Amino acid sequence: MRAAHRETLAKFMAAACVALLGAILTFRGLLYSRMHLEPGAPTGASDLVELGLGLLLMLALAGAAFSAAWLAFAGRRERLVAGWVGVVVAAVALSAGPLHNLVARWASA
């Protein structure tokens with residue numbers, strides 16, 4: 001795979017991580033509490049959707065981290081892109097939990 005394709009893939013994966021985090025936060029803030037939950041049921045459809053989105057986010061983060069590591073072993077220019085992708089992956093991974101809790105509190109208020 002050419003260097004330009006590797007860079008594009010890594011940038012796309014980083015953007016996908018940010019987009020998935022946005023989708024998770026939007027779902028949690030706007031739709032989670034409006035979805036139906038059977039009386040007495042421990043989980044509902046909204047929990048399953050949130051689980052699926054969370055698993056997709058973890059998969060996208062792993063793919064972006066792998067593509068950043070792959071780029072890190074290429075030339076000097078590719079290392080700069082790998083560093084940028086690594087920062088985005090770390091920022092999304094570290095901020096997902098606190099942002100999710102914050103949006104959940106705001107949505108229930």
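Leaving out neighbours within four places in sequence, leucine 61 is in contact with Cys17, Val89, Val92 and Ala93, where contact means heavy atoms within 4.5 Å. Keep in mind that this is a predicted model, with local features needing pLDDT of at least 70, side-chain atom pairs counting only at pLDDT 80 or more, and totals for chains, interfaces and linings using all residues. Residues are numbered from 1 along each chain as its sequence is written, and side-chain values use heavy atoms, with hydrogens and water left out.

Leu61 also turns up in the largest nonpolar core, a set of 24 residues in which Cys17, Leu57, Leu61, Ala64, Val85 and Val92 touch the most other members. Such a core joins buried Ala, Val, Leu, Ile, Met, Phe, Trp, Tyr and Cys through side-chain atoms within 4.5 Å; buried is under 20% relative accessible area with a 1.4 Å probe, protein chains only.

| Helix | Residues |
|---|---|
| H1 | 3-31 |
| H2 | 45-72 |
| H3 | 76-108 |

Zooming out, the protein has three helices and zero strands, taken as DSSP runs (H or I, at least four residues; E, at least two) numbered from the N terminus. Its radius of gyration, over C-alpha atoms, is 17 Å, while a compact globule of 109 residues would sit near 13 Å; that globule rule is 2.2 Å times the number of residues to the power 0.38. The C-alpha atoms fill a box of roughly 60 × 25 × 15 Å along the principal axes. Buried residues make up 31% of the 109.

Methods
Buried < 20%, exposed > 50% of the residue type's maximum accessible area, 1.4 Å probe, protein only.
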